[in-house]
Amino acid sequence: MASNTEGPKDHWSVKAYSASASFVHSAKITGKLLTSLDPKPTDKVLDVGCGDGKFTSNFLPTIESVLGIDSSASMIEAANKDYASPKASFRVVDCRYLERDTSIVNGSWDKVISNAALHWILRDESTRMSTLRAIHGCLKPGGTYVFEMGGHGNIAEVHTALIYALVQRGITIEIARETSPWFFPSDTWMRNALEEVGFKVENVELEYRPTKLTTDAKGGLEGWCSIFAMCSGTWLLVVRMGASGWDMCA
């Protein structure tokens with residue numbers, strides 16, 4: 001059995017994520033996803049990019065079992081602390097290399113779900129298709145894959161402002177764009193990619209969904225950018241520049 005449980009360097013903070021990005025667990029964002037999952041008492045579910053397990057807990061009572069996987073050891077530690085049970089387990093797995101773990105990619109899962117994670121996981125162009133192919137390989141014949149992720153045009157204003165701030169500090173626009181930690185595909189790209197790896201796509205839609213940031217201490221735009229910029233050293237430098245830097249980024 002081949003396994004890959006060692007993820008990239010862990011920059012994630014459960015506390016900071018809760019303060020600045022808890023909106024990803026809101027009913028507004030997850031309601032349609034959970035409806036599409038249509039959990040059944042006999043379902044064996046794989047949650048790709050499960051984070052701290054809070055989203056997983058929404059459907060846990062109505063299924064047979066779930067395995068949550070994420071590259072962040074701190075997130076998995078929190079998930080195991082809060083939600084592990086005889087029917088729920090959580091493991092550190094770098095989902096970019098999911099195909100290496102034959103204990104997961106074994107055609108045994110009734111359903112695979114992913115919430116607000118694929119725009120991180122698919123950032124690495126070299127592993128995009130292999131990751132999607134591995135997810136397909138996890139499912140039983142006739143199994144279901146449902147997911148939510150950032151799509152084309154997501155956070156466009158913030159993204160542009162951060163790139164502008166880097167360029168103003170002498171970084172070339174090519175490098176500034178390359179340091180972006182996200183991949184926001186069009187609905188056409190996603191449909192074509194899913195079909196290429198073997199999925200029969202029932203629906204892919206790009207939804208305009210304005211979302212308010214949190215107002216918690218250390219939250220808001222600054223807190224949100226601070227968390228996500230940690231995945232890119234160059235962006236983290238901008239976030240930590242102080243007030244003058246934020247005049248450019250805001």
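**Ground rules**

I'm working on a predicted model, so I note that local features need pLDDT of at least 70, side-chain atom pairs count only at pLDDT 80 or more, and totals for chains, interfaces and linings use all residues. Residues are numbered from 1 along each chain as its sequence is written, and side-chain values use heavy atoms, with hydrogens and water left out.

I took helices (H or I, at least four residues) and strands (E, at least two) as DSSP runs, numbered from the N terminus. Two packed helices are described by the angle between their axes and the distance between the axes. My axes are lines fitted to C-alpha atoms, for helices over the stretch in contact, and angles run from 0 to 180 degrees between N-to-C directions.

I looked up H6 (residues 128-138) and H9 (residues 187-196): they pack at about 60 degrees, and their axes are 9 Å apart. That makes H6 and H9 oblique to each other (under 35 degrees is roughly parallel, over 145 roughly antiparallel, 65 to 115 roughly perpendicular, and the rest oblique).

Next I listed who touches whom, with contact meaning heavy atoms within 4.5 Å. From H6 I have Arg128, Met129, Leu132 and Arg133, and they meet Trp189, Ala193, Leu194 and Glu196 of H9. I sort these contact residues into 5 nonpolar, no polar and 3 charged (nonpolar is Ala, Val, Leu, Ile, Met, Phe, Trp, Tyr, Cys and Pro; charged is Asp, Glu, Lys and Arg; the others, Gly among them, are polar).

**Cysteines**

I searched for disulfides, that is, pairs of cysteine sulfur atoms within 2.5 Å, and the count came to 0. Cys50 is in none, with the nearest cysteine sulfur, in Cys95, 8.0 Å away. For Cys138 the closest cysteine sulfur is also in Cys95, at 9.2 Å, too far for a bond.

I checked burial too (buried is under 20% relative accessible area, exposed over 50%, partly exposed in between; 1.4 Å probe, protein chains only). Cys50 is buried at 5%, and Cys138 is buried at 0%.

**Positive phi**

Most residues other than glycine have a negative phi, so I went looking for exceptions. Asp38 has phi near 50 degrees; it sits in the loop between H2 (27-37) and S1 (44-48) and is partly exposed at 38%. Ala116 has phi of about 55 degrees. I found Ala116 in the loop between S4 (109-115) and H5 (118-121), buried at 15%.
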